[in-house]
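Subject: Structure handover

Hello,

Here is the structure for you to look through. My notes follow below it.

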Amino acid sequence: MKQAAERLKQAVGAGIFLTDEPMSRHTTFRTGGPADIYIEPSGVEELKQVLDICREENVAYTIIGNGSNLLVGDGGYRGVLISFGKPFAQVTIEGAQVRTGAGALLSAVAKQVLNASLTGFEFAAGIPGTIGGAVVMNAGAYGGELCQVLREATVLTPEGEVKTLPAEELELGYRTSCVQKNGYIVLEAVLQLQPGNADDIRAVMDALASKRREKQPLEYPSAGSTFKRPEGHFAGRLIQDAGLRGFRVGGAQVSEKHCGFVINRDHATSADILSLCRQVQEKVKAQFGVELELEVKLLGEF
């Protein structure tokens, strides 16, 4: 690992290279132990070099976005975590087409398309993630999904080839795509929006923001909806009906405002959060025969 670290440090010229970096600084749960190495590449070529070194040195690596759908174990991550920062966050608008880097926050893109009077992206304004993560998970909220506006995505293949794929080839489904299955890394995306009225767009965004504040526990660290929606059911309703509103394990809690959210109520550890999630799954399965699947991705040593 020492040799790999030295090579990686040399490869990351203009980017960010950190060792023993606490992942609590990079996840919206605000939990997680240290990653051996944390890297934000300065561009695609630097990213390719980092990946080549990891493969040559047989070092594990994972690409993360904004950490908004991620629970990293308290023991941290043995390997290299790669995150896309400002160099991958550029947004350009040509007519009704929006080209955006994988590291751009959905909220930032929503603000720019509002300023350009483009409609169709209002649903994403309050989702706390990046474009790259949104493509991987086909992110959505309030009846909207990325697949409705995504025209194409540019990806880096495991073989090091940069390919641009139309949305139809990404196998976009409910919180899924072929990106992970094929080992792709999203570099950028092109959105196809429609001309609209800025006041109307702002009104929709404001209404959705108000609904979020009213119904979601935005005042606490969380990863948003913790469980996927089971077919024919709503996860939050099942958890509520199981009598688990406000249920706590250590500093983790099922939100009293929205039972579909697990929150870091009071200095929770990742172990607290995972234990609570497992107990919720067991109790819901026992009472209703429904298996809740985590929407949050688990990473590292628990």
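I start with strand 11. Strand 11 covers residues 150–156 and is mostly covered, with 5 of its 7 residues buried. Buried means under 20% relative accessible area, exposed means over 50%, and partly exposed lies in between (1.4 Å probe, protein chains only). Helices (H or I, at least four residues) and strands (E, at least two) are DSSP runs, numbered from the N terminus.

Before you read on, some ground rules. This is a predicted model, in which local features need pLDDT of at least 70 and side-chain atom pairs count only at pLDDT 80 or more, while totals for chains, interfaces and linings use all residues. Residues are numbered from 1 along each chain as its sequence is written, and side-chain values use heavy atoms, with hydrogens and water left out.

Which strands pair with strand 11? One is strand 13 (residues 185–192), which runs antiparallel to strand 11 and is joined to it by 6 bridges. Two strands pair if DSSP finds at least two bridges between them. In that pairing, Thr154 stands opposite Glu188. Another is strand 12 (residues 162–166), antiparallel to strand 11 over 5 bridges. Here Glu152 faces Pro166. Strands 11 and 12 form a hairpin, with 5 residues between them. Gly160 sits in the turn and has a positive phi of about 90°.

Next, Pro41. Pro41 lies in the loop between strand 2 (34–40) and helix 2 (44–56). Is Pro41 buried or exposed? Its relative accessibility is 1%, so Pro41 counts as buried. Leaving aside neighbours within four places in sequence, its contacts include Gly15, Leu47, Ile82, Phe84 and Phe88. Contact means heavy atoms within 4.5 Å. The C-alpha atoms of Pro41 and Gly85 are 7.6 Å apart, though 44 residues separate the two along the chain.

Now the whole chain. It has 7 helices and 19 strands. The radius of gyration is 20 Å, close to the 19 Å that the globule rule gives for 302 residues, so the chain is as compact as a globular protein of that length. That radius is taken over C-alpha atoms, and the rule is 2.2 Å times the number of residues to the power 0.38. The C-alpha atoms fill a box of roughly 55 × 50 × 30 Å along the principal axes. Buried residues make up 50% of the 302. Among contacts between residues at least 6 apart in sequence, 65% join residues at least 24 apart.

Best wishes
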